[in-house]
Structures are given as structure tokens and as C-alpha cells.
Amino acid sequence: VGRMNILIAVMSISPFVIMTILAVPHLDPRRWAVMPVISDADNTANEGWLPIPNWYGVMWRPFLNNLFWGYTSFDASASFAGEV
């Protein structure tokens, strides 16, 4: 049983290890701190009666919505259902 668990774990993790190794040559750390250039075309989300604030290239309302969804346990019901 122990050896089979190790085999299954290695088989499950191996695609992620392989893809990580293949991706390393394509990394460019200089791009990590580059801020996007905001143009008039980027402000199309500000149309409508409830505009989306777009500061520094970040659409804050969807960002904060996703952030709070992930951190306030709205998904806890699915986790609870999986444990039952």
C-alpha cells in the first residue's frame, strides 16, 4: 500500500514538475514589475451607470469581489458538502 501511494503521488505531481521545468527558460523577471500603460481604450469598462474604477491598470471592483469571495468562505458550503 505504501509503495502504491508513493507511485500515485509521483504520477500526480510529475506533470506539474515537468511543466515547471519547461517554463523556466521562458521566464523574464524584468516583466514582473512593469505597470501597464493606460489608454482611452482601457477605459471602456467605465461606461454605464455604475462605472468600474480602473486605476493603474487594475479593475478594482472585480478584483475586490474575487478577493472577498475567496477569503470570506463563500465556498465553504462546497467544502462542507465534500466532507459529509
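pLDDT is the predictor's confidence in each residue, on a scale from 0 to 100. The chain averages a pLDDT of 76, and 56% of the residues score at least 70. This is a predicted model, in which local features need pLDDT of at least 70 and side-chain atom pairs count only at pLDDT 80 or more, while totals for chains, interfaces and linings use all residues. Residues are numbered from 1 along each chain as its sequence is written, and side-chain values use heavy atoms, with hydrogens and water left out.

The secondary structure consists of three helices and two strands, taken as DSSP runs numbered from the N terminus (helices: H or I, at least four residues; strands: E, at least two). Along the sequence the pattern reads α-β-β-α-α. Confidence is highest in helix 1, at 94, and lowest in helix 3 (residues 76-83), at a mean of 62.

Helix 1 has 22 residues and should span 32 Å at 1.5 Å a residue, which agrees with the 32 Å between its end C-alpha atoms; the expected span is 1.5 Å times one less than the number of residues. A kink of about 35 degrees lies at Ile-13 in this helix, shortly before the proline Pro-15. The bend is the angle between axes fitted to the seven residues ending at a residue and the seven starting there.

Met-4 also belongs to helix 1 (residues 2-23). Met-4 is partly exposed because its relative accessible area is 48%, where buried means under 20%, exposed over 50% and partly exposed in between (1.4 Å probe, protein chains only). Together with Leu-7, Ile-8 and Met-11, Met-4 makes a nonpolar surface patch of about 410 Å². Such patches take residues with over 30% relative accessible area and no salt bridge, joining nonpolar side chains (Val, Leu, Ile, Met, Phe, Trp, Tyr) within 5 Å and like charges within 9 Å.

A salt bridge requires a side-chain nitrogen of Lys or Arg within 4 Å of a carboxyl oxygen of Asp or Glu. The count by this rule is one: Arg-30 meets Asp-28 at 3.1 Å, N to O. Arg-30 is exposed at 68% relative accessible area, whereas Asp-28 is partly exposed at 25%.

Terms used
Areas by Shrake-Rupley, 256 points an atom, 1.4 Å probe, with all protein chains shown as cover.
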